[in-house]
Amino acid sequence: MSDRKIVLFSAFRYLLPSDYENWLEQMAADGWHINRFRQWSSIFMVFRKGEPKRYRFVYDPQVSPRKEYIPTYEQFGWEYLGRMASAHFWRMEYEGERPEAFSDHESIVKRNRRTIAAVSVSFIIFLVTVLTIGILLLFFADTLSNPDRTQLVIAEAFFGVIMITLGVVMVFLRKNESR
Amino acid sequence: MDKYNNLEKARKRYIPMSETMFYILFSLKQERHGYAIMQYVKELTKGRIILGAGTVYSSLGKLESDGLIGSAREEERRKIYAITPLGSEILHEEIARITELYNNVKE
């Protein structure tokens, strides 16, 4: 049996921060560990086989954390695992009561809204791209050669699908913001 | 005038305030860092409220940017906070509101 497990597009399978945390916790309980999160972890991550552990993971989106961010969590006993885009990851081994980094409903909703804000940045970038290509196709189609036009139509469809997907993700996160 | 505006803004934003905010603000009548706030609140509420790191971090950031608390000093990478006069005013008004509430419902 391999001692490595590669997971692709994990962040797209577990959209809600709490679902993502629970999935990581289950992986650790099955003995699959990840000790470091990186920029591209949402797309590609490697788990290594080890002893099963009971870890509580925390997914915390913070675009520009203040300098006391890491010391504060560390004081509370959390181990820093790095960041994946603007999402910071923490874990803590526990027995008995499961530790929480967000101890009231308001903080959980706020954490989830920060996640929506992060997705909305990508959504806006794709929206602008789709609109720009759309305008080119609508008003300047005559000035384009056939191959160029075909390429633009393909690009429009491709970016359009991504934009719609991001929109659906935002609606889903919004509906589940208190989880 | 500015001072008056700040007070009005803080009232709108913080009164009524969440239990978490109340206890964090209250615990900063004495200088404390994040972890000490959690310990103090845990003790005060006999273990009922155990503030999380993320909640403490974001609440302190919010209270500081609104001027209700300030940074007193730093110690081994830990930032130590204390309540400001504006924070004390808001805390007293909130205590008066809760007291009224309590007086109105008891017997």
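## A tour of pockets, cavities and strands

Start by selecting Asp104(A), Glu106(A), Ser107(A), Lys110(A), Ser18(B), Thr20(B), Met21(B), Thr55(B), Ser58(B), Ser59(B) and Lys62(B): together they line the largest cavity. Helix 4 of chain A gives two or more residues to this lining, as do helix 2 and helix 4 (53-65) of chain B. Helix 4 of chain B gives the most, with 4 residues. The cavity holds about 90 Å³ of space, and its lining has 1 nonpolar, 6 polar and 4 charged residues.

Before moving on, a word on what you are viewing. This is a predicted model, in which local features need pLDDT of at least 70 and side-chain atom pairs count only at pLDDT 80 or more, while totals for chains, interfaces and linings use all residues. Residues are numbered from 1 along each chain as its sequence is written, chains are lettered from A and ligands numbered from 1 in the order in which they are written, and side-chain values use heavy atoms, with hydrogens and water left out.

On a 1 Å grid over the protein atoms alone, a cavity is a set of points where a 1.4 Å probe fits but cannot get out; a pocket is an open set with protein on both sides within 12 Å along at least five of seven lines, and lining residues have an atom within 4 Å of a point. Grid points are joined across faces, edges and corners, and a volume is the space filled by probe spheres set on the points. Helices (H or I, at least four residues) and strands (E, at least two) are DSSP runs, numbered from the N terminus. Ala, Val, Leu, Ile, Met, Phe, Trp, Tyr, Cys and Pro count as nonpolar, Asp, Glu, Lys and Arg as charged, and the others, Gly among them, as polar.

**Next stop: the largest pocket**

Select Phe12(A), Ser42(A), Val119(A), Ser122(A) and Leu166(A), the closest to the centre of the largest pocket among its 25 lining residues. About 800 Å³ of space lies here. The lining has 19 nonpolar, 6 polar and no charged residues, and helix 4 of chain A gives the most, with 6 residues. Now colour domain 1 (4-93) and domain 2 (105-175) of chain A, whose bounds come from an automatic or database domain assignment. Both give residues to the lining, so the pocket lies between them.

**On to the second largest pocket**

Pick Arg98(A), Pro99(A), Glu100(A), Ile50(B) and Leu51(B), which lie nearest the centre of this pocket, out of 15 lining residues. The space here is about 320 Å³. Helix 3 (residues 34-44) of chain B gives the most to the lining, with 3 residues.

**Then the strands**

In chain A, find the open sheet of 3 strands in the order 1-3-2, with antiparallel pairing; two strands pair if DSSP finds at least two bridges between them. Its edge strands are strand 1 (4-8) and strand 2 (32-33). Strand 1 is joined to strand 3 (residues 44-49) by 5 bridges, and Leu8(A) stands opposite Phe44(A).

**Last stop: the backbone**

Most residues other than glycine have a negative phi, and most peptide bonds are trans. Select Phe9(A), in the loop between strand 1 and helix 1 of chain A: its phi is near 55°, a positive value. Finish at Ile15(B) and Pro16(B), which a cis peptide bond joins, with omega about -5°.
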